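Please find below a colleague's note on the model under review. It is arranged as numbered points, each on one topic.

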Amino acid sequence: QVQLVESGGGSVQAGGSLRLSCAASTYTFNSRCMGWFRQAPGKEREGVAHIGTASGTTYTADSVKGRFTISRDNVKNTVYLQMTSLRPEDTAMYYCAAGPPAVVAGKWACKLADFRTWGQGTQVTVAS
């Protein structure tokens with residue numbers, strides 16, 4: 001059973017930065033897609049970013065592109081989300097997630113629908 005523990009959330013002013021971390025307790029970390037999702041009150045959960053097993057392939061949602069960067073450290077079993085130029089609309093609970101890669105068009109890829117293991121979440125609040 002994979003356990004994911006997020007940290008790094010908090011309250012910042014608009015324009016500020018935060019780095020979220022997610023530590024995974026599994027020896028299979030290297031073989032899993034890792035992602036970050038967020039959910040604001042009254043809104044649906046949104047996929048923010050994900051990263052492939054070898055860190056070569058990343059996806060970033062249009063709403064955060066150019067401001068958020070996902071990365072992973074396969075030695076520390078940790079995935080990060082560097083968030084810059086934060087906006088009030090980034091306020092949400094942020095969740096780390098893990099899932100198996102899938103073969104898409106002959107290549108390994110991560111799919112948002114395949115993330116099935118979740119952390120407890122860390123709150124990010126951006127004040128205007």
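This is a predicted model: local features need pLDDT of at least 70, side-chain atom pairs count only at pLDDT 80 or more; totals for chains, interfaces and linings use all residues.

1. Disulfide count and pairing. The model contains two disulfides, counting cysteine sulfur atoms within 2.5 Å of each other. When the bonded cysteines are numbered in sequence order, the pairing reads 1-3, 2-4.

2. The C22–C96 disulfide. The sulfur atoms of C22 and C96 are 2.1 Å apart, and the two residues form a disulfide. The torsion about their S-S bond is about -80°, so this disulfide is left-handed. C22 and C96 are both buried.

3. The C33–C110 disulfide. C33 and C110 are likewise joined as a disulfide, with their sulfur atoms 2.1 Å apart. The angle about the S-S bond is -90°, and the link is left-handed. C33 is located in strand β4 (residues 33-39), whereas C110 sits in the loop between β11 (107-109) and β12 (117-118); the pair therefore ties together parts that are 77 residues apart in sequence.

4. Burial of C33 and C110. Are these two cysteines buried or exposed? The cut-off for burial is under 20% relative accessible area. C33 has a relative accessibility of 1% and therefore counts as buried. C110, at 15% relative accessibility, also counts as buried.

5. Residue D114. The loop between β11 and β12 also holds D114. With a relative accessible area of 15%, D114 is buried. Which residues does D114 contact, leaving aside its neighbours within four places in sequence? They are A98, G99, P100 and A102.

6. The largest nonpolar core. In soluble globular proteins, nonpolar side chains tend to be buried together. The largest nonpolar core of this model has 28 residues, of which M34, W36, L81, M83 and Y94 touch the most other members. At least two residues of this core come from each of β3, β4, β5 (46-51), β7 (68-73), β8 (78-83), β9 and β13 (122-127).

7. A separate core. Another nonpolar core, of five residues, lies apart from the largest one. Its members include C33, F37, A97 and F115.

Conventions. Residues are numbered from 1 along each chain as its sequence is written. Side-chain values use heavy atoms; hydrogens and water are left out. Buried means under 20% relative accessible area, exposed over 50%, partly exposed in between (1.4 Å probe, protein chains only). Helices (H or I, at least four residues) and strands (E, at least two) are DSSP runs, numbered from the N terminus. Contact means heavy atoms within 4.5 Å. A nonpolar core is a set of buried Ala, Val, Leu, Ile, Met, Phe, Trp, Tyr and Cys residues joined through side-chain atoms within 4.5 Å.
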